[in-house]
Amino acid sequence: MSAGATIVVVGAGPAGMAAARVLAEEGLRPMVLDKAARPGGQVWREPVGEGEEPSLPGHDPSQARRARTAFLELARDGRLDWYPSTTVVDLTRDRLWALGASGAVDSTGFDRLILCPGAIERILPVPGWTLPGVYTSGGARTALESLRCFVGRRIAFVGTGPLLYLVAARHVAAGASVVAVADTARLHQALAALPGLAADRSGLALAARCLAALRRAVVPILRGVRAFAVEGRHRVEGLRLETRAGPRELDCDAVAFGFGLVPQLQLLDLLDAPFRFDPESESWLPELDRAGRTPLPGVYVAGDGGRIRGARAAELAGERAALALLEDLGRPVDGPRVARLDRELERQSRFARALGRAFPFPRALEEAIADDTVVCRCEGVTAAALRAASRAFDADEINRAKALTRCGMGRCQGRLCGPSAARILAGARGLDLASVGRLRAQPPVEPLPARARRVEEETAA
Amino acid sequence: MPFTIDGIAVTGLEGDTLLSAILAIRPDLGALAPDPRRRAGFCLIGACQDCWVRLADGGRVQACTTPLVAGLAVLLEDDGERW
C-alpha cells in the first residue's frame, strides 16, 4: 500500500491502464483491479497463441500492445499493484469487495476511485434472439480477434452502428463467410451526419475502408431494415428480415447483432451517484464533468463506462481523469497537457454524437416488440408479462415492474434487457421513457459463488 | 488440453476459454436450471452472465472468462435436479 492516499482503479482496459500509468508515474502506486487475467480490457484484449495477427481494417495491434506492455512493466516494477482475475462485486464510498483469483472475497479501503468498467452492447429483443448461435457483434469480434475463431460458418450481421460494419469487415478480411450486413438505419441518416463525422477524419477513413472491404467481398448491405427475427429450433438456422424491398430470408448458422454500446453503470450506481437521461442516445449516463469527475468527492469515471467514445478516446479520458485526481490532491498538473486532452476529447465527443445520429437506435422496433418475445433472457420474462403486470398493478416505474415480473432480476441484473424493458413499460403505461427510470444495481453486481463467501468467512475468522 | 464434458474425455487448445473449447465440440452449453432454454454464450466478454456452467467439483464458472485448464471437468447435461 502506498503512503498517503490509497487510489483504486477498477478496470484495465484503455482507460484504466492510462489512468494507472499517470498515477504510477507520479509515484502514487495505484491498485488496479481487473476481472480479466490479462490487461487490455475488451477492445485491447491480448490475442491467444503465437504468430502474426491478421491484417484487419482499422486494427492496429501495436497500439494495444504498447499500452499493455507499459502497464505490465509498471506492475513488474512495483509502481502499481495489479490484481488480475479480480471482480469487484460491491462498493461503498470508501471500501470495495472483490472476488479474487484465489476464489476468496477480499475487501480494501480507498480514498479515491477511478471507475473504468467499460460498456456492453445495446441489444433489441427479437424472436429467436436467445437461440444458441446468436452473439453480440462485440462477442463475434472477441472470438475473431482474441480467440481467433469464428462464431459460425455463415454469419449474418444485423443491428446498427459502426461496430457492426467494422466487425463484419474484419470477418471478411479474416476469411469468414458474411452473408449480409442488415442495418436498421437508413443511408440518408448517415449522410446527414457527415458534417459531424468530419470531426474525426481517421474515423471516416476507417468507415470507408470497411465499406470497401465488404463491397469487394460482395457482402449485401441492407439498409432500412424494418424488422427481423432469428429462425431455428435448437440453434440458429436463418435470419428473416423485413427490408424496404420486401421480406428476405438469409441462410446462416450464426447471427452477430448489436445497436451500439451502453456504459456499464452498476458499480457507480451502488454509490448512489447521480445519473441523467440523455435524450440524444435515449440512455442513462453518469453525471460527469469533462475531466471525468462525478459529483461524489474522490470518485471518477473514464472510458466507455462513462461516455461511449471508443478506445482512443477512452485512453485519453483515463489520462484526463487521473490528472483531475492529481489536481484534486493539490499536485501541480501540466496546464497545456490538460487543455490538449480536453480539446481532443471534445472532438471525439462530437464524432460520437454524429455516429449516434448516423445510426439511431430503432425506437419503433423496440416499441413493437411482440408479446411472446423473451425480453429478459436470464429469467425468461416476455414482453406480454411485463405489459400485463404493469397494467394490472399500475406499475409506472421499472423497478416496480422488475419486482412484479422478475424482469432484470436475474444473473445479468438487467444489463441486457433494462433499456428495452423500460421502453415496453413506458409504452404499456403511456409514459415517456425517462419517467419510468432505470433498473437499480444490487450487490453483488456479478454472481458470487456460494463457496466464495465461505472462503471469506474463513479468512476473516 | 484434455478436459471432460459430463465425464467424457475431450480436448481443447491452449488459449481456449472454457466456452470456446466446448463450442468447438458441441453446439451449446446445455440448459441452466431452472431455465430449459439451451445456451451457447452471448456477449463473450463476461457481462451477460449467460454462460455459467457447473463443474464436477460443485463449483460454477462463467465459461467465457474461464481459461481452459487441463483436467477441468464440466457438467452440461445435468439439469440441476441434484441441487
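In this predicted model, helices α1(A) and α9(A) cross in a right-handed sense. Helix α1 covers residues 14–25 of chain A and helix α9 covers residues 311–328 of chain A; their axes come within 7 Å, and the crossing angle is roughly 35°. On the side of α1(A), the contact is made by Pro14(A), Ala15(A), Ala18(A), Ala19(A), Arg21(A), Val22(A) and Leu23(A). The residues that α9(A) contributes include Ala311(A), Ala314(A), Glu315(A), Gly318(A), Glu319(A) and Ala322(A), and also Leu323(A), Leu325(A) and Leu326(A). Sorted by class, the contact of α1(A) with α9(A) has 12 nonpolar residues, one polar residue and three charged residues.

Helix α9(A) itself has 18 residues. From its first C-alpha to its last it reaches 25 Å, close to the 26 Å expected at 1.5 Å a residue. The helix is mostly covered, with 15 of its 18 residues buried. After α9(A) comes Gly330(A), which has a positive phi near 85°.

Arg29(A) is not a glycine, yet its phi is positive, about 40°. Its relative accessibility is 33%, so Arg29(A) counts as partly exposed. Ser85(A) is another non-glycine residue with a positive phi, here about 50°. Ser85(A) belongs to the loop between β3 (81–83) and β4 (87–91) of chain A, and it counts as partly exposed because its relative accessibility is 28%.

With 16 residues at 1.5 Å a residue, α7 should span 22 Å, and its end C-alpha atoms are 22 Å apart, which agrees. The buried residues of α7(A) are Gly203(A), Cys210(A), Ala213(A) and Leu214(A). These residues cover an arc of only 95° around the axis, and therefore lie on the same side of α7(A). What covers them includes α4 (162–173), β11 (177–183), β12 (221–223) and α10 (335–358) of chain A.

On the other side of α7(A), Arg201(A), Arg215(A) and Arg216(A) are exposed. For Arg215(A), the relative accessibility is 56%, so this residue counts as exposed; the cut-off is over 50%. Arg215(A) and Ala169(A) are 46 residues apart in sequence, and their C-alpha atoms are 9.4 Å apart in space. Just after α7(A), Val218(A) takes a positive phi of about 55°.

Glu366(A), in helix α11 (residues 363–367) of chain A, has a relative accessibility of 0% and so counts as buried; the cut-off for that is under 20%. Which residues is Glu366(A) in contact with, leaving aside its neighbours within four places in sequence? They are Arg122(A), Ile123(A), Leu124(A), Phe361(A), Pro419(A), Ser420(A), Arg423(A) and Ile424(A).

Pro443(A) and Pro444(A) are joined by a cis peptide bond, with omega about -5°.

Key. Residues numbered from 1 in each chain as written. Chains lettered and ligands numbered in written order. Predicted model: local features only at pLDDT ≥ 70, side-chain atom pairs only at ≥ 80, totals over all residues. Heavy atoms only, no water. Helix = DSSP H or I, 4+ residues; strand = E, 2+ residues; numbered from the N terminus. Expected span 1.5 Å × (residues − 1). Buried < 20%, exposed > 50% of the residue type's maximum accessible area, 1.4 Å probe, protein only. Arc of directions from axis to C-beta. Contact = heavy atoms within 4.5 Å. Axes fitted to C-alpha atoms, helices over the stretch in contact; angles between N-to-C directions. Left-handed = near helix turned anticlockwise from the far one by under 90°. Nonpolar A, V, L, I, M, F, W, Y, C, P; charged D, E, K, R; others polar.
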